[in-house]
Each structure stands twice: as C-alpha cells, then as structure tokens.
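Work through the exercises below with the structure open beside you. Try each task before reading its solution.

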Amino acid sequence: MDTALTQAWLQLDPSHGFPLLTALVLMPTLFALIGVTIPGSLQWAHKALSLVGSLVTFGLGMVVWALTDTARAGLQLTDDSSWIPSIGARWTLAIDGLSLPYVLLTVFLTPLVFVGAWSAIDKKWKEFAIALLVLETGMLGSLVAVDLLAFYVFWEVMLVPMYLIIGIWGGRDKVYATLKFFLYTMFGSLLMLVAIVWMYLHAGNTFQLGAWTQLDLTETQQHWLFAAFALAFLIKVPVFPFHTWLPDAHTEAPTPGSVILAGVLLKLGTYGLLRFAIPLFPAALGWASPVLLALAVIGIVYGAMMAYVQTDVKRLVAYSSVSHLGFVMLGIVAFNEEALQGAILQGVNHGLSTGALFLLVGFLYERRHTREIADFGGIAKRMPVFAAFFVFVTMSSIALPLTNGFVGEFLIFAGAFKEGVRSSMAAGEGTSWRTMMLVGTGIATSGIVLGAVYMLSVVRRVFFGPMTNPDNEGLHDLTGRERLLMGALCVFIVWIGVAPGRWLGMSEATVHAMVQPLRPAILQVRAPADFRREQLLNADARAE
Amino acid sequence: MLHDLALLTPLFVVLLAALFTLVADPFLPAHGTSLPALSTSRRFWGPFNAAACLGALAVAALLWKTGPHEMRTVAFALHISASKLSLFFVALVCLCGAVAHLTSPRYLEEQGMAYGEYYALVSFAVFGMGAMVSAESLLTMFLSLEIMSLSVYVLVAFKRSSAASVEAGMKYFIVGSVASAVFLYGAAFLFGLSGGTTFVEIQRALQNPRPGDDLWLSLGVTLVAAAFLVKVAAVPFHMWAPDAYEGAPTPITGFMSAGVKAVAFAAFLKVVYGALQGPGAALLHVPLPKVLATTAVITMTVGNLFALTQLSAKRMLAYSAVAHAGYLLLGMVAASPDATLSGFLTPGAAVPFYLLGYALASLAAFAALTALGHAGEELTGPTQLLGLGRRHPLAGAVLALSMISLAGVPPTLGFFGKLVLIREVLAVDGGAYLPHIVILVLNSVVSAYYYLRITVHIYMRPEGKRTDGKNGEHVYIRETGLTWAMGATAAAILVLGALPERAIGVATRSAASVRTRAATLHVANQAQARLAHRK
C-alpha cells in the first residue's frame, strides 16, 4: 500500500532567526539551575524565584503566541540545529496550531500552580520548585519537538520530576502510587522507543518527523508501529483499560502535582496521537478505529460511574478525568474537522476546569485534612465564596452552555454524530462502521448526564443541607491569594465559553490542513464506501 | 624501542605509582594510634595514586589526540598495541582507579584496614586492566588478566576480619582461577592451530586453513569465550558475582563492577572480533552472534528477576551488574564483522559507549554507598538508607541519580547508552534481533522497579528508628576526595546525558579500530619490516 502522503501541515518553516522556542523550553530549567545554588533554608527565595521563572516563561509564551501565524498551517518559529550528529539526531523545535493551545495552557497553569503551592507544599520547597520547573521544560519540549528523539527525551524527562512530586510530597500511599505511575508510563514509552528506533533505521538514520511521513510501510508494519506508539499515548491519556494508575496518582499527589498531571500531562497523550501516531500511520487508525471507539465510550461511561461511587472528592475528580478524556478520544477517533477542533479545545477546557477543581479540593484539604465527602455537608454557609467557585467550575465541568466545556463537548458530539449520520446517507456496503459510530456516540451522550449526576451530587453533599459535622464550624473562606487563583481560571472558563472564536481559530487552519490528507487515508480503511463518496463530493466541489 | 615504550606510558605511570607505594609504605611510621589498621598515616596514598591514575588518563588522552593516524600501532614484537580501542579503555580504567583511590582512605580507616598495600593493589589492578585491553596476543592477555585478577581477589578479601569478605574473596578466586584455566586451555588450541600467540599470527593462519583447523578453532574460541563470560558474570557463570560484590569493600565493588566488566568486554571484542576476522572465521562451527544473543537474553532476565528480590543495595547492584552484562552481550552482536548494518559507517560503538555510561553510573553509585561505611558497619540495607536524602544530601542525590541512569531514563548518559545499543542491534541483519530488543526493553521496565525502590528509600519513606538498638542517627562518611568523586561522576552522567555527541564520537572511533582488519595486517607487516631492519 502506498502510504506516503503529502502532509503540508507538517511542513517545516526555514529556521527562525532567534531561537525563541529553545529559550521558551529551557527557561524554566535555567531558573531551576539558579535555584540549585540557593540554600534550601531560604524558602521565600525559592517561592519568589520559581514564580519569577514561571512568569518569565509565561511572557515568552505570549511572545510565541504573538509571533505564531495561526491563520496558516505548517510548523513555524523553527529552531533547527545539530544536536547529536553521529546518530543523526537534531534539535528541531517548531510550533503550530495544534501545539500552541497546549503551550499556552502550560505556561499559564505553571505560575498558578506555584502560587497554589505556597500553602499546599509545606516542606522541601527548594526541591519542589526545581522539580516543577524541570517538569515544565519537559512538557514544553514535548509539545514543540518535531525531531522524534528530542521528543522522546522530553517525554521521558517529565517522568522523573512527576515521580518525585508524587513520591515526596504525596499522601499516605504515595510510594505505591508513584511507582505505579512511573512503571506504567515507562512500559508504554519503551515500546514506543523501539518503534522510534525502528522507524529511524527505516528512514535512513533520521529522527525528523517530516522525513518519516514519506516512508512506504506495509500494512502489517503500520499496525505494529501504530500499536507501539498508541500504547504509550493511550496510557498517558489514559484510555480504559490503561487508566488504573491515574486514580492512585491523582489521589496521592499533592495539589500542585494533581493540577499539572490533569492539566497538562494527560493532554500530552492526545497531543502525541494527533502529532505523531496518526499522521505517521493513518491507515492504522482506520484499522484500529472500532477498538479505539469502544474504549473511548467505555471510558466515558465507566469513568463517570466510578466517579459517582467515590467517597473521596479527589478520587472522584480523578475518575471524572477518565470520563472527560474519553470525550476527547471520541473526537479524535471521529477525525473530522468539527470533532478534532472540539477535541483540541476540550483538552484545554479539561486542563482549566479539572485544574480548578483540584485546586479547590486542595484548599479544602488544607483546612480540614480530609477529603471524604461524608465529613462535609452544608459548608456553603461558612465558605460562600468557595462554594460559589466550586459550583461555577462544576458547571464548566458538566458542560453547561456559556462555559468552555459546552463548546468543546458540543463540537465533539457534532463531529461524532456527523461521522455516523452523514455516512448513513450512503446506502449499501460498509454500514458497520457508521452504525458503530452512531451507537457509540449515542451511548457517549449518557456520559454528559452521568457527569451532571456525579458532580451535582457531590456539590449537594458537600455544600448544602444541614451542617452535621461540628469540625466544619471553624472553616474560613478563601483568602485573597486563593480567590486570585480561582478568578484567573474562571475568567478563561467564561471567555472560552462565551466567545470561543479566538480559541478555536488558533487551531482551525492546522486542523483543516491536517484532515485533508489524513481523513481519506483513514476512511479508505474503516469505511471504503464513505471514502469513495467523499472523493466524489470533493471532485464535485472542485468542478464548481 | 623508545617508540614502543612511549605507547605504553599511561600503563607505566600507574605501575610506577603502585611500585612506589609498595616499597615506600613499610618505611612510614604508624603514628597516631596503637592500631595500625586504624591509622590515618596511610591516608595520602589515596590522592597520590589517584593523581597517578588521572595523570595516566591525561597521557592516554594525549596519545589519542597526537597518536598515529593508522588505527593501531603495534609494539613489543606484536604483543601489545596502542589502538583507539585500547586507549579508550585505558582511560576508562584509569578513571575507575582514580575514583577507587579517592573514595577509599576514610572508608578504610572506618573499617579498620588502612594498609598501604591496598592502594598498591588497586594500582596494580589498573595496570593489569590497561595491559589487558592493549594486549595483541593471547599470552600478553593472559598475563595481564592474571595481574588484574590476582590483585582484585586480594582486594575483595581485604577485610580479613570479616568472614563475608574472606568468603567472597575465596569464591571469586576459585571461580576466577577456573576461568583463567579455561582461557588458557582455549588459547592453547588457538596456538596449536596457528603456531603463534599473537592475533596477527592467528589471522594469518586462518587465511590459509588446513583440514581439521575448524575443529580446533571452534574448541578454542568456545573455551576463550566461556572464560570471558565468567569475567563479565553472564548467566550461567554469574554465581560468584553476588557474594563477591557484597563481601568486597565498597570502593572495590565499584571498581570491579565498572573496571573489570569494561576490560573483559573490550578484550572479548578484541579476541572474537579482532583476532578472528577474515575468511577463517567462517570455519567456526559455533554461530557466535546467535549464542551471544541467546546468552544475553537469559542473562538480563535472570539478573533482573533476582535483583528484584534483593534487600541490600550492594547485592542488588550485583544482580543489576549481571543484567547489564546481558544488555552488553546483546550489543556485542552488532559489533560482529559478519553483521550487516545498513547505513552505518562504523558500527560497534554500542559496547564501548554503553560501558562508559554504565561505568560512570556504577562508580557514582558505589562512591555514594562508600559514604555509608561508618565505624566498621556497612549501612547499605534498606532501612539504613531511609532519610539519606536529608542526612547526607549529596550521597542521596548521587545515589538517586545513578539509579535513574542505570534504569536508562533521560536526561542521563544511561539512556543514550541504551539508545545507541538498541539502534545498532536493531540494524543488524534487517531487524533480525527485534524480539531480543523487545525483551531488553521489558527488562528495563522490570529493572526500573528495583532502581526506583532505592530512591524511594532515600527520599520518600518516613525515617524510622535505628533497628540495631543503638541510639542516635546513622553517621556517614564526609570527606573531600569522596565528595569530589561523587560530584564529578554525577556531573559527567548529567552533562554527557544532555550532550552525548563527543562521547559517542569517541566510542565510535574506538570501536572502528577493532573492525579494520586490513589496516591491522598492514600495520603489523610494517612493524615486522621495521624489526627486521633493526636486526
């Protein structure tokens, strides 16, 4: 099979004059190195330094945003220089509409997390600041690297700091949770490494993504390679049944760790699918679509049901992540423009709303040192502002219109139903995929209802009703710092919800250019009849 | 003759230091305390010998830079050489020796065995190792193997008041001697076949084989290979390793695991791929790459599974050393001249480069563990590591970093070692070894568990009370030499982990000198002509 597609959206711009992306990626590590030289007893210095470091990185992120031309597809602001010539690895960083939203999310969340950690982290601030700054380098690097070895190195660099953050500052079962997180992730990554090296040898000793898309691979090769790549990403997302590390990691992680884990790290799984696994092996996605669809739908429903029965608020939010990421996966599997736009935006939305939820749960935990739902009840009387923020973020999480969640989920469902309904107009052969898509999306909609059920029920049980536990009498409301944090997140929840145009526009051109070559290749395998029909329609459109 | 000597300067520097230490030590007064074993008067032999090792390293680097362009220069009637390969490994073992010397002095005093002979023996071992990788004949190789091994046997058993140490030395001595005998036996067959002991003579003989040669060749190579497999602790010849590693003084464990393994692999490369190249190699009845690959897979799996169950850090690292021998044996497959690797100018860098990463991580880990050897105790059990991160932050951080590097996680040198190895082995014969590589990465995941468990003890578990009934906290060794050794190895792991280009380039060039048989023969002929001319 001829698999070499022309993928204009992966076209690399010539090298940009100033190594802006390199500066962006390495800035947090630079501040981490400065932090190493300052004694750990000066806690305030580390608090200030880490905040300054993340704010400088945020500033660089804004510059990157301003300089990226989102109106056109293609990888921009290229930094390309030689790194390890003897094995052909290059330091190639570039950004486009697919990575920009996540880069912005990362640079935005990190300073907030540092401010949130002022009270959440009570020991070893120096080590914490260094770990989180190195983690930011890993996240940003994974998002902008288009040389596969550089990507892999950044991808693995994220592992150790997160492992330390959960393991040192975590809760009671932190060691079990962090080892599970590390080994699970490493298992997936190492099989991906074998696939990466195999592709590298096949492509003539280069790790460049652009060169890899030009390869001709047999069907069997594509399937195995896709499986190796996808496994690493599916574990990270995490998709059912690879999700079991997530509830443990989230529950045991300290608040800042949970926020980063939910806010950015999980998105890197879906990002990796869109940037690497699918463009490299599109036909294999067609082959795996039924399985991935089933897993996404199971994840949505199962995650929601598991969330409903949790007694620990944080574990509940963790399971809600499994459910929400299932929606993102549904959008990716549908692979049309609406669904993909929705999936990308929903990734950002989940980072904002789940990040906010973890912060809120953290505020409560700092006050009461418990997260059991049964320990609370009626605390809205004592903490009205806290309750207001929590209810507001809940609305975003269950995708109420005018919040960001609605925009993302609406687009995903619009795209997914379109994939089923539009296709069903073509009568005859190959109806199985359409039926699956329709039924799957139908079942997935129940996830929205279930989401409302578990979130509203936790709001009711924690905030309203009579105050039965006398320990809650002394609770004080949010401090100015905490209000500022939540305010910053809520601004974006509303902004994206009310006027999503700017945010969707960021990835619009890229998604358009991405779908054009890839969708036919996917459809050809999973629904040949639809493929022929779309070819005809496109021919008609061109004729007009 | 002078030219010949010049090539071996690094070895002579170390040898002179060893001899001087040995001769001068009896004249030193044992002042300070009534127990000579606890005396501080021998302390300066550490820095002195370390300086000699580092000096030798510098000379080796200089020879590398200024050395002749041809791949190897043969000296002493073709019995010893200075090639890029030998210089690389001479430098590496000098580094191992320097770290061992720097980390030892305070440790020896704490353990009550501060004798000057210790330093002399380490330097003798370094000399033996350097000679072994420079050897161009089976005879030289055997002699240097014995110089190294005998020194190391004594060093392993150096804490003679401890039954464990003596037992370790004895075990290692017996198994090691059998291996030496087997090596000699194999060498005898090769000698009988070729009428000479130098690699050049063996190569020549293999160019015009006589009937029956195939049998002697196969027997000889099998026996020699088996001897090397004992030295690298490959399964099923690994039984000595756990006891020897655990019983030996900690700096010696690090020295052994890094140095002995490195030279054993280098010599292995030289013999099976250097000496046996040419049409004669086709006579070999043993499918060497397949045998190595199978041994590799078994070795790594057994090593990792046994390491999982170990509680003492030292014993765990012994099994981890077995596992790493497995990875390296798989790397040997790619170094084979018969292997076809598409798109590689000079394959074979995997083994030297991996050894560099492994040696640095291993040295760093054992340097950190040396700090735990206080007042006659070895505090390397799991409960004794608890809280190390707080009470000795440097040792804790270095130990944790070396674990991460051994697990092969970026951004450490250990990751690139594994990457280069996977890259080369996967390229052999169009991916014929893909199943082996998959087993290798699965093994890495298993190994990550026990490496991470050490970091868990250092940072993540609450510090309990001492379990041995004594009051107060554990006390660790703090000393300048130790600090420097830990800092330098850890920095090398990180810096080379971010920018590995230079190290890969050096390893590639050193590996290339094994493979260029044509160049070897040419140089050897020139050398012979020069000899004839002098006569």
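The exercises that follow concern a predicted model.

**Exercise 1. The interface**

Task: Describe the contact of chain B with chain A, and find which elements of chain B touch chain A.

Solution: 
- Step 1. Count the residues. Chain B brings 36 residues to the contact, and chain A brings 33.
- Step 2. Take the area. About 3100 Å² is buried between the two chains, and carbon and sulfur atoms give 81% of that.
- Step 3. Go on to the elements. Four helices of chain B each give two or more residues to the side that touches chain A: helix 17 (393-407), helix 18 (413-427), helix 19 (434-460) and helix 21 (501-515). Helix 19 of chain B gives the most, with 14 residues.
- Step 4. Sort by class. This side of chain B has 29 nonpolar, four polar and three charged residues.

**Exercise 2. Polar links and salt bridges**

Task: How many salt bridges does the rule find across the interface of chain B and chain A? Then look at one salt bridge within chain B.

Solution: 
- Step 1. Check the interface. The rule finds zero salt bridges between chain B and chain A. Six residue pairs are in polar contact there.
- Step 2. Over all chains, the count is 21 salt bridges.
- Step 3. Take the pair Asp25(B) and Arg42(B). Their side chains meet in a salt bridge, at 3.1 Å from N to O. The cut-off is 4 Å, so this pair qualifies.
- Step 4. Asp25(B) and Arg42(B) are both in the loop between helix 2 (9-24) and helix 3 (45-66) of chain B, 17 residues apart.

**Exercise 3. Two helices of chain A**

Task: Are helix 5 and helix 7 of chain A roughly parallel or roughly antiparallel?

Solution: 
- Step 1. Read the geometry. Helix 5 (residues 148-157) and helix 7 (residues 174-202) of chain A pack at about 170 degrees, and their axes are 11 Å apart.
- Step 2. Apply the cut-off. Angles over 145 degrees count as roughly antiparallel, so helix 5 and helix 7 of chain A are roughly antiparallel to each other.
- Step 3. Name contact residues. Helix 5 of chain A uses residues including Phe151(A) and Trp155(A); helix 7 of chain A uses residues including Leu193(A) and Ile196(A).
- Step 4. Sort the contact by class. There are eight nonpolar residues, one polar and one charged.

**Exercise 4. Backbone exceptions**

Task: Where in chain A are Pro238(A), Pro241(A) and Lys124(A), and what marks their backbone?

Solution: 
- Step 1. Most residues other than glycine have a negative phi, and most peptide bonds are trans.
- Step 2. Check Pro238(A). The peptide bond from Val237(A) to Pro238(A) is cis, with omega near -10 degrees. Pro238(A) is in the loop between helix 9 (219-236) and helix 10 (245-252) of chain A.
- Step 3. Check Pro241(A). A cis peptide bond joins Phe240(A) to Pro241(A), with omega about 0 degrees. Pro241(A) is in the loop between helix 9 and helix 10 of chain A.
- Step 4. Check Lys124(A). Its phi is positive, about 50 degrees, although Lys124(A) is not a glycine. Lys124(A) is in the loop between helix 3 (100-120) and helix 4 (125-144) of chain A.

Definitions and conventions
Residues numbered from 1 in each chain as written. Chains lettered and ligands numbered in written order. Predicted model: local features only at pLDDT ≥ 70, side-chain atom pairs only at ≥ 80, totals over all residues. Heavy atoms only, no water. Contact = heavy atoms within 4.5 Å. Buried area = accessible area lost by both parts, 1.4 Å probe. Polar contact = N/O pair within 3.5 Å; in protein donor to acceptor, adjacent residues only side chain to side chain. Nonpolar A, V, L, I, M, F, W, Y, C, P; charged D, E, K, R; others polar. Axes fitted to C-alpha atoms, helices over the stretch in contact; angles between N-to-C directions. Parallel < 35°, antiparallel > 145°, perpendicular 65-115°, else oblique.
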